[in-house]
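Biologist: Please walk me through reading this one, feature by feature. Start wherever you like.

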Amino acid sequence: MFRGNKINSVSAREFLFFLLFTTIIAGLIKLSKTYKTQYEVTVEVVDIPLDRTIQEVNPELIKINAEGSGFSLLTNAIDTPVLRLPFNELDKVSGETYQYNVTARSLALKEVIDNEGSVLAIAPSQVVIAVDSVASKRIPVLSKITFSYKTGYGAKSKMRIEPDSITIVGPAGSITKVNEVFTTSKELLEIDSKIQDQVALSMLELPEDVRLSQKEVTVIQDVSKFTEGKIVVPITILNDADAQVKILPKTAEVSYIVELENFDKITASDFLVTCDYANATDTDAYLPLKISKAPASVKVARLINKQVKFIVIN
């Protein structure tokens, strides 16, 4: 009994294999035969100059009668063929009207079909394209990127965007409403080295009929390590021509933040701390202090004491 079941199981598998094999062979035989068919091809104009826009493509679909093996015709049917016409290949007829003559050879060269010899007819064989000129203007690129640095690090200089402006094109009524374009929002965290990233431009706030000269820009941010220092600076009295004003103390302590590589270059003479006798009042014995000059390499500078006591000697 067990032996009989084993024989029947083997026979069933052999039968299924033979059935599948014969089905595949029959399908391949059918696909190898020659057939005639008709399919539609979408027409699309590409590589359009920035100062031009396509008003109309007529027709947008062309019909192709073709003959070939089932293999080639099946490929064309599955892929939904598209005839892409580069703008510089169009023939100018008059004014803003262009045309393109579709041939079996052009379909083959643009890989719309597998073999130009299989094309029996193209209807219509001529595509007419209406083109229009558009207005343009240059607008600045603004950033929507936020930076967060590791402790002790910060921006060495102002962030740069390259290019810092782009050209937009479109109907005059649309581009007059656009005065800037923003990058997409992006947050960069724990920064401790130079940033140089490609960032896409946002189209969300632009009219649909406005195009950009480019879709992304480069954002550059130089980064340095910073440290804090303190230095004692002499106080200069302003508006005391007769030298009648005496101050106590005569120096002020300045706290500053500077790039680590420039820390040893900072001296007291790089700073100017002043108090102005013109700000004196009869009710106050103190003058406010001000940092009137600081080195360009110093990112932040502040006074430890904000005011100084003064007396007038007659």
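Modeller: Let's start with D47, which is in the loop between β1 (34–46) and β2. Strands here are DSSP runs of E with at least two residues, helices are runs of H or I with at least four, and both are numbered from the N terminus. Residue numbers start from 1 along each chain as its sequence is written. This is a predicted model, so local features need pLDDT of at least 70 and side-chain atom pairs pLDDT 80 or more, while totals for chains, interfaces and linings use all residues, and side-chain values use heavy atoms, leaving out hydrogens and water.

Biologist: What is the phi of D47, and is D47 buried or exposed?

Modeller: Its phi is positive, about 55 degrees, although D47 is not a glycine. D47 is exposed at 63% relative accessible area; the cut-offs are under 20% for buried, over 50% for exposed and partly exposed in between, with a 1.4 Å probe and protein chains only. E190 also has a positive phi without being a glycine, near 50 degrees, but E190 lies in strand β15 (residues 186–191).

Biologist: Which peptide bonds are cis?

Modeller: Look at N58 to P59, where omega is near 0 degrees; P59 lies in the loop between β2 and β3 (61–69). Then there is the bond joining L248 and P249, with omega about -5 degrees. P249 is in the loop between β20 (245–248) and β21.

Biologist: Now sheets. In what order do the four strands of the open sheet come?

Modeller: The general idea is that strands of a sheet pair through backbone hydrogen bonds, in parallel or antiparallel fashion. Two strands count as paired if DSSP finds at least two bridges between them. Here the order is β2-β8-β6-β5, with antiparallel pairing. β2 (52–58) and β5 (91–94) are the edges: each has a single partner strand, so one side of each has no neighbour in the sheet. From one strand to the next, the twist averages 35 degrees, taken between axes fitted as lines to C-alpha atoms (for helices, over the stretch in contact), with angles from 0 to 180 degrees between N-to-C directions.

Biologist: How many bridges hold β6 and β8 together?

Modeller: Five, between β6 (residues 97–101) and β8 (residues 126–133), in the antiparallel sense. To find your place there, look for N101, opposite Q126 in β8.

There is also a three-strand open sheet, ordered β12-β18-β16 and paired antiparallel. β12 (160–162) and β16 (195–200) are its edge strands, pairing on one side only. Its neighbouring strands are turned by 25 degrees against each other on average, direction ignored. β16 and β18 (residues 216–221) share six bridges, and V199 stands opposite V217 in β18.

Biologist: How many aromatic pairs are there?

Modeller: A ring pair is described by the distance of the centres and the angle of the planes. Rings of Phe, Tyr and Trp (its six-membered ring) pair if their centres are within 6.5 Å; planes under 30 degrees apart are stacked, over 60 edge-to-face, and the rest tilted. The structure has five such pairs. One of them, Y256 with F271, is tilted, at 5.7 Å between centres and 45 degrees between planes. Y256 is in strand β21 (residues 251–259) and F271 in the loop between β21 and β22 (272–276), so the pair ties together parts 15 residues apart in sequence. Y256 is buried at 4%, as is F271 at 5%. Y256, F263 and F271 form one aromatic cluster.

Biologist: Why is the pair of Y277 and F310 called edge-to-face?

Modeller: Because their planes stand at 75 degrees, with the centres 6.2 Å apart. Y277 is partly exposed at 27%, whereas F310 is buried at 9%.

Biologist: Which lysines lie over ring faces?

Modeller: K144 lies over F182, 4.9 Å from the ring centre, and K299 over F226, at 4.8 Å. The test asks for NZ of Lys or CZ of Arg within 6 Å of the ring centre and within 35 degrees of the ring normal.

Biologist: Last one: which strand gives the most to the lining of the largest pocket?

Modeller: β2, with four residues. The lining includes R52, T53, I54, Q55, G170 and D209. A pocket is an open set of points on a 1 Å grid over the protein atoms alone, where a 1.4 Å probe fits and protein lies on both sides within 12 Å along at least five of seven lines; lining residues have an atom within 4 Å of a point. The space in the largest pocket is about 180 Å³, counted as that filled by probe spheres on grid points joined across faces, edges and corners.
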